[in-house]
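Hi,

Here is the structure I promised to pass on. Have a look at it first, and then read my notes below.

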Amino acid sequence: MPDIRSLSAEEAHAAIPALSEVLADCVRGGASVGFMQPYGPEDAERYWLDVVDAVAGGGSLLLVAELDGRIVGTVQVGAAQMPNQPHRGDLKKLLVHRSARGRGLARLLMEAAEREAAARGKTLLVLDTATGSNAEAIYPRLGWQRVGVIPDYALWPEGGFCDTTLFYKRLA
């Protein structure tokens with residue numbers, strides 16, 4: 001049974017090697033999450049140090065999925081917003097290591113992220129994802145509403161333009 005939990009800044013710092021492996025695996029697998037190939041765990045460390053800082057400052061929530069004590073998935077909620085958006089959060093970097101896919105971890109991470117965001121007063125979450133990716137199909141099944149597509153929004157990790165699809169979800 002997977003364990004889904006939120007990490008403190010200290011726990012997140014200690015987990016950087018495992019988080020870096022998950023991120024690098026997803027990029028190697030073609031996930032358009034902001035990084036270009038070639039990309040290894042050592043490349044991901046700076047990114048995770050910035051995430052740890054955001055968690056320490058209260059600007060982000062970091063959740064992980066563990067199987068047999070090993071981190072195999074993660075998601076973040078950007079909780080710090082402009083003064084006129086205290087009710088909104090940004091869902092970021094839903095990542096599941098390719099070796100752990102097909103076990104419902106993305107759904108469990110999303111459900112936990114939504115609960116954590118709601119507990120912190122967020123009533124609206126937004127996200128963007130690569131159009132045509134496997135990830136895009138997850139969100140409608142979890143009750144997210146598709147807003148539209150922005151063409152040529154980013155690049156795929158191996159190069160070439162990538163459209164992005166925007167989604168939102170109201171939290172109860």
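This is a predicted model: local features need pLDDT of at least 70, side-chain atom pairs count only at pLDDT 80 or more; totals for chains, interfaces and linings use all residues.

Histidine 87 sits in the loop between strand 3 and strand 4. Its relative accessibility is 33%, so histidine 87 counts as partly exposed, since that class runs between the 20% and 50% cut-offs. From histidine 87 to alanine 119 there are 32 residues in sequence, and the C-alpha to C-alpha distance is 11 Å.

Next, helix 3. This helix covers residues 41-56, 16 residues in total, and spans 22 Å from first C-alpha to last, close to the 22 Å expected at 1.5 Å a residue. Even so, helix 3 has a kink of about 25°, centred on tyrosine 47. Tyrosine 47 also turns up among the buried residues of the helix, which are Ala44, Tyr47, Trp48, Val51, Val52 and Val55. As for what they pack against, the buried residues of helix 3 meet helix 1 (9-14), helix 2 (16-28), strand 2 (60-67), strand 3 (70-78) and strand 4 (88-96). Just after the helix, glycine 58 takes a positive phi of about 80°.

As background, most residues other than glycine have a negative phi, and most peptide bonds are trans. Here, the bond from glutamine 37 to proline 38 is cis, with omega near -5°, and proline 38 belongs to the loop between helix 2 and helix 3. Lysine 93 is not a glycine, yet has a positive phi of about 50°. You'll find lysine 93 in strand 4, and with 24% relative accessibility it is partly exposed. Aspartate 152 is another non-glycine with a positive phi, again about 50°. That residue lies in strand 6 and is partly exposed, at 45% relative accessible area.

One last thing, on the surface: which residues form a nonpolar patch there? They are Met36, Leu155 and Phe161, with about 300 Å² of accessible area together. Leucine 155 is in strand 6 (residues 145-155). Its relative accessible area is 39%, so leucine 155 is partly exposed and passes the 30% cut-off for patch residues.

Cheers

Key
Residues are numbered from 1 along each chain as its sequence is written. Side-chain values use heavy atoms; hydrogens and water are left out. Patches are made of residues with over 30% relative accessible area and no salt bridge: like charges are joined within 9 Å, nonpolar side chains (Val, Leu, Ile, Met, Phe, Trp, Tyr) within 5 Å. Accessible areas come from the Shrake-Rupley method with a 1.4 Å probe; for residues, only the protein chains shown count as cover. A salt bridge is a side-chain nitrogen of Lys or Arg within 4 Å of a carboxyl oxygen of Asp or Glu. Helices (H or I, at least four residues) and strands (E, at least two) are DSSP runs, numbered from the N terminus. Buried means under 20% relative accessible area, exposed over 50%, partly exposed in between (1.4 Å probe, protein chains only). The expected span of a helix is 1.5 Å times one less than its number of residues. The bend at a residue is the angle between axes fitted to the seven residues ending there and the seven starting there. Contact means heavy atoms within 4.5 Å.
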